[in-house]
Amino acid sequence: MNEMPSVGTTLTYGEAIKAYDRFERSMLEKVYGTEILPAVGLYDLLWQLESLAQKFGIGGKGAFSRLKREIRSFSSERTALANGVNGERFYLLQDESALRQHDETHLFKVGIDGDKLAGDLDEALELLSKESAKTDEYGSACSPDCLERDSNRLGKDPFMKWAGIGFCVMMACLGISMLVHSVFQIGFCSKWFI
């Protein structure tokens, strides 16, 4: 999959743009296939992976945070490549021959590690695959491991655990105080009627 030149490689703008386009297309093709490829971009992939990670409760795991950072860096560098230094390439878009001359003569240094980005994507997809295999999309409330899955997902948040314990203690104290209060009330009322 990795058709990306290694970090530090110096290419002409024309070569770099083609390499970045091929790499992005291969990443999207891996996830979406060739049929939908013209309709999606890198941020579509990022949005979809983030929403799936949130759905399965695995958004905070290493692969997703690294992948998000790497995709944003890749997209930022690709935008810088498309615009050129100080936007010089952007202003040449009207003149095709000047743009071609610029792309053949100006150099660009690759700053993105394509192997790392591809590896993070593979790791994130593998993690999503494992998590999605544990769930039943249409019967998640009735699945045999629903309670275990929810406790694993929610059990990692200490606030929820201590909030539950605190609520139980508060309710026990309220019950005891109501019991003591009713005993005293009965005692005081019985003196008036005897």
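In the predicted model, helix H1 (13–32) has end C-alpha atoms 28 Å apart, in agreement with the 28 Å that its 20 residues should span at 1.5 Å a residue. The buried residues of H1 are Tyr 13, Ala 16, Ile 17, Ala 19, Tyr 20, Phe 23, Glu 24, Ser 26, Met 27, Leu 28 and Tyr 32. Just after this helix, Gly 33 adopts a positive phi of about 90°.

The largest nonpolar core comprises 33 residues, and Tyr 20, Leu 45, Phe 64 and Phe 74 have the most contacts inside it. At least two residues of this core are supplied by each of helices H1, H2 (42–56), H3 (62–83) and H6 (114–134). H1 provides the largest share, with eight residues.

The search of the whole structure returned four aromatic pairs. In one of these, the ring centres of Tyr 13 and Phe 108 are 5.6 Å apart and the planes lie at 65°; because an angle over 60 degrees counts as edge-to-face, the pair is assigned to that class. Tyr 13 belongs to helix H1 and Phe 108 to strand S2 (residues 107–109), so that the pair links distant parts of the chain, 95 residues apart. Both Tyr 13 and Phe 108 are buried.

A stacked aromatic pair is formed by Tyr 20 and Phe 74, with 5.3 Å centre to centre and 15° between the planes. Since Tyr 20 lies in helix H1 and Phe 74 in helix H3, this pair ties together parts 54 residues apart in sequence. Tyr 20 is buried, its relative accessible area being 0%, and Phe 74 is likewise buried, at 0%. Beyond its neighbours within four places in sequence, Phe 74 is in contact with Met 4, Tyr 20, Phe 23, Glu 24, Leu 42, Ile 112 and Leu 117. One aromatic cluster is made up of Tyr 13, Tyr 20, Phe 23, Phe 74 and Phe 108.

Helix H3 also contains Ala 80. With a relative accessible area of 38%, Ala 80 is classed as partly exposed. The C-alpha atoms of Ala 80 and Phe 108 are 9.9 Å apart in space, while the two residues are 28 apart in sequence.

As to confidence, the chain has a mean pLDDT of 81, with 85% of its residues at 70 or more. Confidence is highest in strand S1 (residues 10–12), at 91, and lowest in helix H7 (residues 146–155), where the mean is 55.

Key:
Residues are numbered from 1 along each chain as its sequence is written. This is a predicted model: local features need pLDDT of at least 70, side-chain atom pairs count only at pLDDT 80 or more; totals for chains, interfaces and linings use all residues. Side-chain values use heavy atoms; hydrogens and water are left out. A nonpolar core is a set of buried Ala, Val, Leu, Ile, Met, Phe, Trp, Tyr and Cys residues joined through side-chain atoms within 4.5 Å. Buried means under 20% relative accessible area, exposed over 50%, partly exposed in between (1.4 Å probe, protein chains only). Helices (H or I, at least four residues) and strands (E, at least two) are DSSP runs, numbered from the N terminus. Contact means heavy atoms within 4.5 Å. The expected span of a helix is 1.5 Å times one less than its number of residues. pLDDT is the predictor's confidence in each residue, from 0 to 100. Rings of Phe, Tyr and Trp (its six-membered ring) pair if their centres lie within 6.5 Å; planes under 30 degrees apart count as stacked, over 60 as edge-to-face and the rest as tilted.
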